[in-house]
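Here is a quick tour of a protein fold, from its strands to its aromatic rings. Have the viewer open and follow along.

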Amino acid sequence: MVSINIHFRPSRRGKEYEGRLFVRMISCRRSASFTLPYRLFPWEWDPGKSRVVTEHAPEARRAYLLSVVNNLTHELQLLQELRNEMPREDEQTVHRLLTAFRMRRQDGEISRMVVNLSEDLKAGGKYRTARAYGTVLRRWLRFIQEQGETSREITRSRLRAFEGTLKAEGLSLNTISFYIRNIRAIYNKCLANGWLIEKERDLFRGLFVSVAPSPKRSLSARQMQRIEELGKNPTSLSRQEQEALLLFQFSFYGRGISFVDMAYLKTTDVKEGVIYYKRRKTGTPMQVKISPEMKKILDYFRKNNENIPYLFPLINPQSNSHYHSYCRALQRQNERLNRIAKKTGMPGKLTTHIARHTWATIAKRENIPIAVISESLGHTSLKTTAIYLDSFESRVINEAARKVVKAVLKSAG
C-alpha cells in the first residue's frame, strides 16, 4: 500500500525563519513529493509525531496553527480516499495519486479558502465584504465551468480571460473592477496566510482595478421640498410608506447619515441632544446634533417603539443575525421608497442612498466648502484628506447642516 507521510523542510536562511511542510508518498520503490502551502517555524513541528505543535503559541499565532492542523486533516483524508480508489498498485501509482490529488485539491481549494476568509470577516463584523467574496467566488466558479476547466487556480492567463468574458457580457467598468479587485484581495490574503504559493508575479498587472467616476443621483432642493410637503400631508401613503418617508428625511437631516448607521443606532447613543456613533463602513467617530426636524422624527418612533434598544424599528433584537435583519429592513425601505416615488411622479428610483447624495449636493450648491462636506459625511479617502489637515469643529459642521435644511425650507416660498 502507498505510504503517505508529512515532513518539515527547514528554511535555508536559518532557524529563525519559517520552513515548509511537504508530503512524501512511496509505493513500489517509487516516491513522489509535493510542497504544501503552510509555513511553520522549526519549533512548531514535532518530527517524532508528525504533528503541528500548537501548545504555548501566542493567541494570534495559535489561530493560524489550528487552521493548519485542520487543513492537514483534510489533505490527508483526501489522499487516503484517492489511494483507496486506485485500481491497482504499480510503479506509476504514486504519480497517478499525485496527479489525482492536485486536480481534486485545486478543484475545492479556492472555495475552502474563501469560506475561511468569509468566516473571519463575519467574526469581525465585516458582513458586507464577506458577502462580496461569496458573490465573486460564485461568478469565478461559473466562469471556470463555462471554460470547461478542471482546475480553479488563479493564473494570469485565466484572469485576463475572465476580464474579457465580463466585458463581453456588457458589464460596466466598475462592476468588472469589483470582481477583479475582490479576487486580488482574496488572493493576497491567501498568500499572507500561507494558503497559497506565489507562482506568478504581477498577477493582476494590466487588469482594470480602478473605480470609474459614476453619476450619483440626488434630488434638487425643490424635489426635497416636495418630500417635505408630502411628509406633512401623507394622506396618500400607507403607514409603512409614511415611516419610510420619515426615515429618508432623518437621513437627510442627519447630514446624510447612511441607512446602515441609522439601523444600528441605539438609544444609548443619544446624549444631551447629540447622537454619537461610529460609521460601520470606516469606523470614523461621528457626532450629529439633533435638529428640531430630527427630534420630531425620533419622538414619533420612540412613542411607537418603546421596548426596543434601537432608535428605529429596523433590526429585530431577537433575530439570530442582526446583519440579516438589517438586510431585510434595507430591502423593505427601498421598496417603500420606490412606491413613494411613483405616487409623487418622481423620475427614476428613490433609494436610501439618495438622501446622502442629496445632502452633499445641496450643501455644495450652497457654497459650503468641500472639505466641510467631506467631514460632515465621515469620509476618510486620501483625496479628501489632502484638502485639509485639521478636523473642523462640531460648531462649523452643525452650522453647515442647518444651512442645508434652510435651503430646502426656503425653496417652498
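S27 sits in strand β2. Keep in mind that this is a predicted model. Is S27 buried or exposed? At a relative accessibility of 2%, under the 20% cut-off, S27 counts as buried. Skip the neighbours within four places in sequence, and S27 is in contact with V2, E89, D90, T93 and V94.

**The sheet around β2**

Strand β2 covers residues 19-27 and pairs with β3 in the antiparallel sense, over 8 bridges. At residue level, G19 stands opposite L40 in β3. Zoom out and there are 3 strands in an open sheet, ordered β1-β2-β3, with antiparallel pairing. The edges are taken by β1 (3-9) and β3 (30-40), each of which pairs on one side only. From one strand to the next, the twist averages 25 degrees. Which helix lies across these strands? That would be α1, residues 59-85, which lies across β1, β2 and β3 and runs at about 155 degrees to β3.

**Cysteines**

How many disulfides are there? The count comes to 0. As for individual cysteines, C28 has 38% relative accessibility, so it counts as partly exposed. C190, in turn, is at 1%, so it counts as buried.

**The nonpolar core**

Now to the largest nonpolar core, which has 58 residues. Which of them touch the most other members? The answer is a set of phenylalanines: F248, F250, F252 and F312. Helix α7 (residues 239-253) supplies the largest share of this core, with 8 residues.

Leaving out neighbours within four places in sequence, F312 is in contact with L247, F250, M262, L265, I297, L298 and F301.

Not counting residues up to four places away in sequence, L247 touches F259, M262, F301, F312, L314 and Q333. For a sense of distance, L247 and M294 are 47 residues apart in sequence, and their C-alpha atoms are 9.8 Å apart in space.

**Aromatic pairs**

A pair of aromatic rings is described by how far apart the centres are and by the angle of the planes. The structure holds 15 such pairs, and two of them are tabulated here.

| Pair | Geometry | Centre to centre | Angle between planes |
|---|---|---|---|
| F178 and Y179 | edge-to-face | 5.4 Å | 75 degrees |
| Y323 and Y326 | tilted | 6.3 Å | 45 degrees |

Y323 and Y326 are both buried.

Why are Y323 and Y326 separated by about one helical turn? Because they are 3 residues apart in helix α10, which spans residues 322-344.

Terms used:
Residues are numbered from 1 along each chain as its sequence is written. This is a predicted model: local features need pLDDT of at least 70, side-chain atom pairs count only at pLDDT 80 or more; totals for chains, interfaces and linings use all residues. Side-chain values use heavy atoms; hydrogens and water are left out. A nonpolar core is a set of buried Ala, Val, Leu, Ile, Met, Phe, Trp, Tyr and Cys residues joined through side-chain atoms within 4.5 Å. Buried means under 20% relative accessible area, exposed over 50%, partly exposed in between (1.4 Å probe, protein chains only). Helices (H or I, at least four residues) and strands (E, at least two) are DSSP runs, numbered from the N terminus. Contact means heavy atoms within 4.5 Å. Two strands pair if DSSP finds at least two bridges between them. Axes are lines fitted to C-alpha atoms, for helices over the stretch in contact, and angles run from 0 to 180 degrees between N-to-C directions. A disulfide is a pair of cysteine sulfur atoms within 2.5 Å. Rings of Phe, Tyr and Trp (its six-membered ring) pair if their centres lie within 6.5 Å; planes under 30 degrees apart count as stacked, over 60 as edge-to-face and the rest as tilted.
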